[in-house]
Amino acid sequence: MATTDLNDLAKRLEAGERRALSRAITLVESARADHRAQAVELLDALKPGGKQALRIGMSGTPGVGKSTFIEAFGMFLIERGLKVAVLAVDPSSARSGGSILGDKTRMEELSRHPRAFIRPSPSQSQLGGVARRTREAVALCEAAGFDVVLIETVGVGQSETMVAEMSDLFLLLIAPAGGDELQGVKRGIMEIADMILVNKADGDLKPTATRTCADYTGALKLLRKRPQDPEGYPKAMMVSAVTHDGLPEAWEAMETLAAWRKESGHWDKMRAEQARHWFMEDLRAGLLARLDKDPEVRARIADLGARVERGDLSPTVAADEVLATLGG
Ligand code: GDP
């Protein structure tokens, strides 16, 4: 695509044209070198300092009700006149050969709505590649004027941290459960969550949900206080994606938190730190890719790796030897 076409694409995207947004995301998702160059040019052509979207990261184990919640919550926001984009990050999609998330059949109403935009997970084997593409897709949705960008991921290890690093707010969805085992939710995930939403707080599950919510409220109080939290946050709340109970309260709590962070300067600070984080990540990935491109260096790395594994060489010395090939 020529520069003039890219500028035209950027303009149409900024005018909120969905087709332009789809095309732009396809471009940033492509692994082709010429597409990558165009993607960089496109991102550069977007006007900086435009309206910011509220980026909401969301995670939860399969079956907790993420798709159902996004359909309900997305429509709730749309009914309030907002434009909603949904992006999915599915680290397993490369293995299973298809995306489980972004399953449009469960988001039927939302996926058909003109003020909504749903994009399933790109199939990528490497989390690093997914991270960059998702982050760029978030920036594109923001440039296209979306008010809320939901970034959904399944509760598997690193993908949650990655999504939290590109979100203004991070939600953890959990299901009601008996006992006090806190469902094996890892401490690390509790620490990145701004809000824990106990879903399925309806019908027979309501009493269990109430107990689960109280357990999490207690557990959150024990966590170290973070500077980016006002009084009462992080907090646990009950919702039902089926009956829509609790959705207005959950949204109000998100808006309150976002407003507090904006006023206190934490919003800008968090975004600035995230930008720096991704800059360093890209630099790291770029350097590794560059090393990997040279067959001689690649062979050398494989050989050194084997020697380190056998205990013939220390990791420090081996890394030093590779770094020396970069000069300096
Ligand atoms: P995901 O795998 O996290 O995307 O979960 P789904 O959205 O596919 O939901 C898994 C199952 O839980 C489905 O059978 C849903 O109908 C059910 N479910 C989701 N949300 C609720 C809820 O709020 N209440 C009840 N009772 N069931 C729900």
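## Basis of the description

Two strands are taken to pair if DSSP finds at least two bridges between them. Helices (H or I, at least four residues) and strands (E, at least two) are DSSP runs, numbered from the N terminus. This is a predicted model, in which local features need pLDDT of at least 70 and side-chain atom pairs count only at pLDDT 80 or more, while totals for chains, interfaces and linings use all residues. Residues are numbered from 1 along each chain as its sequence is written, and side-chain values use heavy atoms, with hydrogens and water left out.

Seven strands form an open sheet in the order 3-2-4-1-5-6-7, with parallel pairing. Strand 3 and strand 7 (235-238) each have a single partner strand and stand at the edges, so one side of each lacks a neighbour in the sheet. Direction ignored, neighbouring strands are turned by 20° against each other on average.

Strand 4 pairs in the parallel sense with strand 1 over seven bridges and with strand 2 over six bridges. Opposite Val154 of strand 4 stands Gly60, and opposite Val148 stands Val84. Strand 5 and strand 6 pair in the parallel sense over four bridges; Leu171 has Met195 of strand 6 as its bridge partner.

## Nonpolar cores

A nonpolar core is a set of buried Ala, Val, Leu, Ile, Met, Phe, Trp, Tyr and Cys residues joined through side-chain atoms within 4.5 Å. The largest has 39 residues, and Phe69, Phe73 and Trp251 have the most contacts inside it. Helix 4 gives the most to this core, with eight residues. A second, separate core of 34 residues includes Ile25, Leu27, Leu46 and Val89.

Not counting residues up to four places away in sequence, Trp251 touches (heavy atoms within 4.5 Å) Leu54, Ile56, Phe73, Phe76, Leu77, Leu82 and Val148.

## Helix packing

Helix 13 (residues 295-310) and helix 14 (residues 315-324) pack at about 170°, with axes 10 Å apart; axes are lines fitted to C-alpha atoms over the stretch in contact, and angles run from 0 to 180 degrees between N-to-C directions. Helix 13 is therefore roughly antiparallel (over 145 degrees) to helix 14. Arg300, Ile301, Leu304 and Val308 of helix 13 meet Pro315, Ala318, Glu321 and Val322 of helix 14.

Terms used. Parallel < 35°, antiparallel > 145°, perpendicular 65-115°, else oblique. Buried < 20%, exposed > 50% of the residue type's maximum accessible area, 1.4 Å probe, protein only.
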